[in-house]
Structure formats: C-alpha cells, structure tokens
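Dear colleague,

Please find the structure below. My notes on a few of its parts follow.

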Amino acid sequence: MDRLSNTEGSAGVRKPSRPVGLGLAASAADSGEPLESPTGSHVEWCKQLIAATISSQISASVPDTISRDYRVKPRPDVRNLRDGNKVAQMEEAPLIPGESIKAIGKDVMYICPFIGAVSGTLTITDYRLYFKSVERDPFFILEVALGVISRVEKIGAQGHGENSCGIEIVCKDMRNVRFAYKKEEQSKLEIFESLIKYAFPLSSDLPLFAFSYKEKFPVNGWKVYDPICEYKRQGLPNESWKISKLNSSYELCDTYPAILVLPTSVKEDDLAKVAAFRTRGRIPVLSWIHPESQATITRCSQPLVGPNDKRCKEDEKYLQTIMDANAQSHKLIIFDARQTTVAETNKAKGGGYECESSYPYAEIVFLEIHNIHVIRESLRKLKESVYPLTDDARWLSNVDSSHWLENIKWLLSGAVRIADKVESGKTSVVVHCSDGWDRTAQLTSLSMLMLDSYYRTIKGFEVLIEKEWISFGHRFEMRVGHGNENHADADRSPIFLQFIDCVWQMTVQFPSAFEFNEIFLVTILDHLYSCLFGTFLCNSEQQRVKKEVQMNTLSLWSYINSHLDEFTNPFYVNYESHVLYPVASLRHLELWVNYYVRWNPRMRPQMPVHQQLKELIALRAELQKRVEELQREVGNRSVSSSSERGASPSQASTPVHTFV
C-alpha cells in the first residue's frame, strides 16, 4: 500500500488551511425557510439538531453575519391574532412521531449566559426540553434532548424578581442550561419532577425514548453491518482463519459478538481454557487482516497472570498460532494500551500482562494511555475552560491544563505505531488494555481507519463503529449513562467522544481522504447521547438481542443514509490502498472548536459553510455527469473512426500506447 503522511515540510500531502467553519445549524435560515420543526416530521428538525440546536445562543451584540442563521422565525403581528389560543399554538412544541407532552410551564425564564434572561414557555416531553419565547423578535427557541442531560438540580435564582426558584441542567455535550420561575408556581409546574422522570427513565423503570420513536426512513440502517459480509470483504475465511459461530449463544464470552474470526487450528477445549485465562473471557480474536502480507490486528483483554506469574499453555500456544498465520514475520507485537505502572498494579490485583519469558516470540509494548478516570477528569477541566465563557488571556493555557489534546496525542500516537507495524513491518499485532472494550476499541478502530480506505467512506465508517465498538461490547450504556440519574458513577467516561475527536483530527490533516464531513461526526456524537435511536444503547450485543433493540428501535444510520448530501465531503478523493499516518504531535493537533465551543456564539464561524458544501456536492455531481457524457462521446467517435479505417484496406493503422 502507498503511504500518506502529514509532516512539516512534506511535499507529498500538504496540510491546507482550514475553512472558517462548518455551519453547524441548519441552513434553512439562509433560504428564507422557517426553521421550526414540522409536526410529524423529524427530518428537517434533525438537520437542525446537527449542532443540537445552537439557537440558545442568540446575542444582540453578535454581528448579523453570525446571528442570522440561528433557529429563529419572523415574529407575526400579534394584533392580527384573533385570540389567545393562537399565541398558545405558537408556543407549542412541534412533536416528532411517538413523542408526547408531559409538562408545560408558562412565564418561565431562561437564563442565557450570553444575553441574559429570556421569558417564555417551557415544555417537557418524553424526549426533549423545548423552550420558546414569542415576545422576542425574532422568536427564541431552545431545545435539549433529555438524553443529553447528566443531572438536574434545584437552585436559587437571585436577581430575577419574582422568579426566585430555579433549575440548573448539566448536560453531557459541554453546556449547562438554567431556568427560573415563580416560587408560588413551583408545585404546579411539575417541571422539575418531569425532567427527572423522563431524562432518567431507567431510574424510574421506564423505557428509553428510542423504543417509542416511530419515524419512517427509506433506508434500513440496521442492514449496514453484516459481520460475515465484512469479513468476506477482508478476504476471510482462509487457510489460517475461520469465521466461527462458536459464541452464537454468548456462552464463550457474553460481551463478544456471536460471530468471531478465530485461528482454524485451535480446538474448542483450548479456547475455553484461553477464555478462563483472559479477563471476562475476552480471548484474542481477529479484527482486521492485511490483504497482501496477511498480517493481522487481533484484540483481547489482559491475561490473568496475577502476582504469582500464573501461566496458561493454551494461551501461549494460541498467540503463537496467531503469529504463525503470518508467514511474513516471526515475531508478534503485543500492544498494551495501559501505562506500565497501571499494568503492574493490575497484576498485583490478579490481572497483568504477557511476560516475554512465557511468550518468547512476542514483544510487549506499553502505549502509556491514561485510563477512563483520567479522561473523564480531563474533559471536565476542558468544559470549565470553554463554557459558558472563554478567557481570551488564558485560552491556550487553560486548554493546555486540561491535558485533553495531550491525551488525544497519546491515543493517535499509539494507533500510528500499530498501523506502521502492520503495514511497514508486515507484523501481526495483538491489542489489549484491561477489559478490552475501551482503549482497545479506540486503538483497533483508529489503526484500521489508517490502514483501510473503506473505513474512510460513510458506510465503511458506520461498519467500523458497528464492528469494533458496538458488537465487541464497548459499554455505551455505562460510559454514557443512558437514562440513569447517577451522574457521579465512576464508570462514566467520554471514551467514544475521544475516539471521534481523533477521527476529526485526521480529517483536518487529510481533508480529502474522508467521504464524510464534520457534521457527520457531530451528528454521531449528538445521538450518542440523545437516546433517539437504538444504535448506541446497551452494553453488549447479547443485551441488545435480549431487548430486541433492532426490532423495536431505529438505527442512526437510517437517518444519515437517507440524507447523505448533508454529510458528504465534496473534496473527497478515494485514496484506495493508501495508508494514512497522521502526525501525533501537539503542534499539529487542534481543539475541536466547532464541537466543544459551539454553544458560544462568539466562537462560531461568521459565514455558514454547510449550504456551500451542499452546493459544491451538487456541482461536483453535475461535472461528473458531464465528464461521463464526454467520455461516451469520445468512445463513440473512436468506434466510428475504427470502422472507417477497417473498411479502407489501403489505410494503415498505427497502434496507440498509453503510458501511466
């Protein structure tokens, strides 16, 4: 495969200047269309949700070039309204299929950190919080999917007159929302109780909203990923690897998928012993195989070595079988994602790592990546730096002190090392952390993204997420906290967000190598939290099968693949068989402002780019069509010319040689 790297002074792939930004709000404002969600149709509303409704940050002090594409609607002349019912209708929340209103509060005050207090009507449904003020010109609308909410607290609202009682809503998407209302109306509003009940339905023994959502899409996103088709695309099975249904009942490993790729020569009895020697039974299984060298990426959990250096002959033989399946190399590289000190601590507690004396054919490499607790704290510090206000004088130092970009660097650096060993070293690798579902998923999916251009397409990236994250048991429900009010749960951590950030860093360094755009990534993150789709629910494939998630919910890919023009990169070039090596250096990494700081109107791009990208896509399609027409025309002329020459024996023909 050819290599694409992004280095300083590189003549091969030059890092272009980034556009000002992508219009993260829907672009209907530019066309004069009303931006309010149509009743019974989620399509337009979901386009606006791409940035999770940035409408809450309208600022009078913000230039018109910034504020004109917020979700606002021209205010009608109230004098023409016949009665108060018309005003009430304007304040009603437009519902999506399956959504129902649970509580409505009048004369509620939204305390915006950018423009101050806004008075309006607050509606709570079983899916979202919807605030609307018709007193402002233009209308003011704020929407928050309840799944985004991390915690809800009662607060005092001083300085707002009669509205002395308040609610603070802490969100998972880098913002907080505050409301105030009159003390004597507190009991009848039922706002707080409704928020608690429907933002955390699992804590109230209620189903997540995804099981009630009934939108119709022309594409079935659940059909995007077929494990057997994906493994066949990789050239499997072959003489060394087999596609196995040994785990079809999830008895071998309850957090692994039903279909696995295993070495052909390994016996079931030996597999059971290997599973007993690996944390939670997560044995080494194949994730990806190189189409030429047959070097593989396999994933697993830590071995249960313990303080007494326990050994397992079957595990040692199993890893040697993985090495032997690749005739190009006589060494196996084991990438342990953890810090060396953490791995030693785990060993003292019964876990551990492979010792080279027990695995003499293997080389152990520690990637020094921090655990979930460090990453959670890093994001907390980053949020303090970017919301609600940013300190220009300390902007760089505040971002640096969060260590967020430093953690991104360690993750990207580890993935590059894995990809390079497989591609350049033609060496098979094994990747694991402790349990094999957090840092392991990050590293395998990022390295596969670098190695395989298929995963850089829209469908391929969806397959990558379905395969390496969803089917292999990343604990989405636990890490995100879907529907659970225990916001202090130590198992919560932004592991998947960190992965998507790394992908975004790659798209910045290689802007034409990915079929999808930034809005695609933001949409995935918004619906990671929203609980609108079933894609990121539960902790394992077994749980999703038991709850019949595919039968009773919609896939996020149904929506995305029904609106591909919204998520397509117009500059995409299919670098087939090219390997990408991003520069994992802090001087090349950037804070993803269009995600982390998108709620601040002063940090938003002054020109919406979303509509321009769609126009470029349409222009590219038109030009491609014209090129095809010209090629057919040239082909027809060539055939006609050849026929004429064939009918004239006296005319000599000269062969034409094309050199590439």
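**Notes on the model**

F571 sits in the loop that runs between α21 (564-567) and β16 (578-581). Bear in mind throughout that this is a predicted model.

F571 is partly exposed, at a relative accessible area of 48%. Together with L616, L619 and L623, F571 makes up a nonpolar surface patch, and the accessible area of the four comes to about 370 Å².

Next, helix α11. Which residues of α11 (residues 395-402) are buried? They are W395, V399 and S402. These residues lie on the same side of α11, because the arc they cover around the axis is only 55°. The general rule behind this is that an α-helix has 3.6 residues a turn, so residues three or four places apart point the same way. L396 and D400 are exposed, on the face of α11 turned away from the buried side. After α11 comes H403, which has a positive phi, near 65°.

Last, strand β15 (residues 429-432). Is β15 covered on one face or on both? Both faces are covered: V429 and V431 are buried on one side, V430 and H432 on the other. As for its neighbours, β15 pairs in the parallel sense with β12 (residues 296-299) over three bridges, and R299 has V431 of β15 as its bridge partner. Strand β13 (residues 332-336) also pairs with β15 in the parallel sense, over four bridges; here I333 stands opposite V429.

Regards

Note on methods. Residues are numbered from 1 along each chain as its sequence is written. This is a predicted model: local features need pLDDT of at least 70, side-chain atom pairs count only at pLDDT 80 or more; totals for chains, interfaces and linings use all residues. Side-chain values use heavy atoms; hydrogens and water are left out. Patches are made of residues with over 30% relative accessible area and no salt bridge: like charges are joined within 9 Å, nonpolar side chains (Val, Leu, Ile, Met, Phe, Trp, Tyr) within 5 Å. Accessible areas come from the Shrake-Rupley method with a 1.4 Å probe; for residues, only the protein chains shown count as cover. A salt bridge is a side-chain nitrogen of Lys or Arg within 4 Å of a carboxyl oxygen of Asp or Glu. Helices (H or I, at least four residues) and strands (E, at least two) are DSSP runs, numbered from the N terminus. Buried means under 20% relative accessible area, exposed over 50%, partly exposed in between (1.4 Å probe, protein chains only). The arc is that of the directions from the helix axis to the C-beta atoms. Two strands pair if DSSP finds at least two bridges between them.
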